[in-house]
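Here's a quick walk through one protein model, strand by strand and then out to a pair of helices. Have the structure open and follow along.

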Amino acid sequence: MPAHPQAPPDVFSPAPLGPITLRNRTIKAATFEGRTPDALVTDDLIEFHRVHAAGGVGMTTVAYCAVAPGGRTEGRQIWMRPEAVPGLQRLTEAVHAEGAAISAQIGHAGPVADARSNKAKALAPIRFFNPIAMRFAKHATREDIDEVVAAHANAARLAIDSGFDAVEIHLGHNYLASSFLSPLVNRRRDEFGGSLANRAKVARGVVQAVRRAVADHGDNKIAVTAKLNMSDGVRGGISVEEALTTARWLQDDGGLDAIELTAGSSLVNPMYLFRGDAPVREFAAVFKPPMSWGMRMTGSKFLRSYPYHDAYLLRDAKRFRAELSLPLILLGGVTGRATMDTAMAEGFEFVAMGRALLAEPDLINRIAAEGDNGAAVPSKCTHCNLCMPSIYTRTYCVVTGAPN
């Protein structure tokens, strides 16, 4: 008799993620919290993640933990050093007390880094002008690249010391590793430019360094995931075809326990990830002249508007699911039980949610409480994206006021 196809897992069932097990298959995606004015953990940041953990997610993601001072998108973000560990330990303990796991998103912002705010030189594949920082990023030398790779390994060790259950390596959005992957940004002619095999060396090297650091850190076990662009959403940038090849290499290298699939470029097309309304006027209001003037006049070209629909990254993500055996995390327009069940049916092991949980941190508990009627529970997120400019002050949903 032919075997019956296996039923998709319940999104609320426990699931393994490398060496750890999450209580369910939902993950609070990385969304910069804006709650670390001195680049260190605060009670406010702890409460932010405690609330999401209490709301039912399997794991919450701290965003963002830069691997070096110059790797921050701006100077208030945490960067991983011994001074940060005591606060991070209090943070992980608070999340664990609510029954959830916690991941640290580690990475280097590269050409997206605000050198003026960081008071440190930004790096890029080529010399690159960042209009937000009004500074040029430095052409990364081989020595710079080696230092960044080593810094990722050190950040992973510090994450283990801080009690994190996982690290998410940022390989997306044209941050440093992603900018090397992009043929639009990476115009180098050395061993890190030209072919995709060369352009992927930074991303692959970082992942392998983190995996070695984790393996060498004794009995403490931590999952290693990566956020990887499927597409930059711009002509000449990372394409789905090249991203598929990179993902296969990362899978074959054996350094990752899962990949979270994302899209868009923080440099040239951020709304390709977010979809929905483009808050140009609200973004302009948070900057000082002349940046605010430029945002008002040309912001619609940078913040392009894309229509929102549920699971808007699913079409591209299904191509990755068809070609990879590695566990995959579906991001983008996951706002309720229906899209969660779709993701499970399509073979994704986990779902990641951002704006929907900013609007309603206890959404997971509310859906789970409804049982079979959970698919009828609406998200309070309106996809207005007015939460995006709030990262420059203190990230929250301006519609519901949560988490505030």
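Let's begin with strand β9 (residues 166-171): six of its six residues are buried, so β9 is largely enclosed by the rest of the structure. Keep in mind that this is a predicted model. Both faces of β9 are covered. Ala-166, Glu-168 and His-170 are buried on one side, and Val-167, Ile-169 and Leu-171 are buried on the other.

What does β9 pair with? On one hand there's strand β5 (residues 101-107), which runs parallel to β9 and is joined to it by four bridges. Here Ile-106 stands opposite Ile-169. There's also strand β10 (residues 223-229), again in the parallel sense, this time over six bridges.

Now follow β5 to its other listed partner, strand β4 (residues 59-66). β4 is mostly covered, with eight of its eight residues buried. It pairs with β5 in the parallel sense, and Met-59 has Ala-101 in β5 as its bridge partner. Met-59 also stands opposite Ile-27, which belongs to the parallel pairing of β4 with strand β3 (residues 26-28).

Here are the strand pairings together:

| Strands | Direction | Bridges |
|---|---|---|
| β3 and β4 | parallel | two |
| β4 and β5 | parallel | six |
| β5 and β9 | parallel | four |
| β9 and β10 | parallel | six |

As for Leu-256, leaving out residues up to four places away in sequence, its contacts are Ile-169, Val-207, Arg-211, Val-224, Thr-225, Ala-226, Leu-250 and Leu-326.

How does helix α4 pack against helix α7? α4 (residues 142-161) and α7 (residues 201-215) meet at an angle of about 35°, and their axes are 8 Å apart. The crossing is right-handed. On the α4 side, the residues in contact are Ile-145, Val-149, His-152, Ala-153, Ala-156, Arg-157 and Ile-160. On the α7 side they are Val-202, Gly-205, Val-206, Ala-209, Val-210, Ala-213 and Val-214. By type, the contact divides into eleven nonpolar residues, two polar and one charged.

Definitions and conventions: Residues numbered from 1 in each chain as written. Predicted model: local features only at pLDDT ≥ 70, side-chain atom pairs only at ≥ 80, totals over all residues. Heavy atoms only, no water. Axes fitted to C-alpha atoms, helices over the stretch in contact; angles between N-to-C directions. Left-handed = near helix turned anticlockwise from the far one by under 90°. Contact = heavy atoms within 4.5 Å. Nonpolar A, V, L, I, M, F, W, Y, C, P; charged D, E, K, R; others polar. Buried < 20%, exposed > 50% of the residue type's maximum accessible area, 1.4 Å probe, protein only. Pairing = 2+ DSSP bridges.
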